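Please take a moment with the sequence and the structure before reading on.

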Amino acid sequence: MDKVEILINKREKLVDQIEEDYLKKLDQTLEQIEKEIISLVQATPVRSGVIYDTTFAMTARVKFKNIIEKHFNKWADETVRQYDKLAKLIDDNMKALPGYVAITREDIEKITNLKRLKYAGLIQLSNETANTLATNFYQATVSNRTFADVVKDLQLKIQGVYMKADTGEINDLVSYVKSLNVNDPKRDQALNKLHTLYGADAAGRSMRKYAKTLAHKSLKEFDGQTSLLRAKSAGLTHFLYYGDLIGDSRDFCRRHVGQKYSEEQLKEIWAGSWTGKSGSDPHLDVGGYNCRHHLQPISLDWYEDDELII
C-alpha cells in the first residue's frame, strides 16, 4: 500500500466510523421516539376496542411533532457535526501530499454551507414524518380503527418493524438485531426477516429506512464535495478511484477501482449507464446506490510507470 492509498484508507475508515456511530444512535433515537409516541396514543379514549375521539387526535398533532423534533433533530445535529472530523482529515491528507494550499475562509464557508444543506435534508424528513404520523392517526380516529392496529401502524412508520412484538420469537429476533454491529451483514438479514414476516407492507416506508438512506447519502456527498473543493484549491485535476472490492461489488466498480481519471474523463464515464447508477456526478454518486468507494485527488506527476514516486 503506497502513501496515497494509506491516506485514502484513513479517510475510508473515518467515514465508516462516523456511519457506524450515527446508525447506532439512530436506532436508540427511534426507539425513544416510538416509546414516547405509543405512550401518548395510549391516552386516547377507546370504546369497544376502537378509537373515536377526533379532538384528542387533533391535539396530538403538535405533540407528535414535539416528540420527533426533541429526539430526531438532536440526532441530525450530532450527525452533521461529525462531518467536521472528516473535513479536517481530508485537509490533513492534503497536507501530507505535494502542492498543499492552506484552506481559505471561502473554502470554510463552502464546507459550512454543505453541512447546513445536509442538516436541512434530515430536518425535512423529521417534519414530513411528524406530519404523516399525525395525519394517519387522525384518519384512523375518523375511521374508528382498532387501537391495536393503530399502534402497529405507528411502529411500522417509525421503525419498519414491530419493536414491541406479541410473540417471543419476534422479540428474540429484535434483540438479536440490536446486538449486532450496524455494518454486520447478519443484521440486514435479520431485519429483512422481520420486515418480510412481520411488517412487509409498510417496512419500506419507515422513518428508519429513509433516515438511514438519507444519512448515508449525505455523508458520502459531503465527503466527495469536500475532497473536490480541496482538490481545486490545490490545482489537482486527476482522481484515483479507490476502495475494496467485495462479493457483490458492481461490475462498474470492478472496472474502475485502481484507475486514474481526469475530470473530463470522469464526466464522460458518468454520462453513461450501469446497474445501480444513482446520478451523473462522480463526486456525489461514485459507483451508485450505497457505493463505498472514493475518488482521491492526485497528480499524474506523482507517478512513474504507475508507481507512486513521491
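The paragraphs below go through the cavities and the residues around them.

This is a predicted model, where local features need pLDDT of at least 70, side-chain atom pairs count only at pLDDT 80 or more, and totals for chains, interfaces and linings use all residues. Residues are numbered from 1 along each chain as its sequence is written, and side-chain values use heavy atoms, with hydrogens and water left out.

Rolling a probe the size of a water molecule over the atoms shows where empty space is left. A cavity here is a set of points, on a 1 Å grid over the protein atoms alone, where a 1.4 Å probe fits but cannot get out; its lining residues have an atom within 4 Å of a point. Points are joined across faces, edges and corners, and the volume is the space filled by probe spheres set on them.

How many cavities of 30 Å³ or more are there? The count is two.

The largest cavity holds about 50 Å³ of space. Among the residues lining it are Arg11, Lys220, Asp223, His283 and Leu295. Helix H9 (207-234), helix H12 (282-285) and strand E5 (294-298) each give two or more residues to this lining, and H9 has the largest share, with three. Helices (H or I, at least four residues) and strands (E, at least two) are DSSP runs, numbered from the N terminus.

The second largest cavity has a volume of about 30 Å³. Its lining consists of Arg11, Ile90, Asn93, Met94, Ser227, Gln296 and Pro297. Here helix H3 (83-95) and E5 each supply two or more residues, with H3 giving the most, three.

Definitions and conventions: 1 Å grid on protein atoms, 1.4 Å probe; cavity = no way out; pocket = protein on both sides within 12 Å on 5 of 7 lines; lining within 4 Å.
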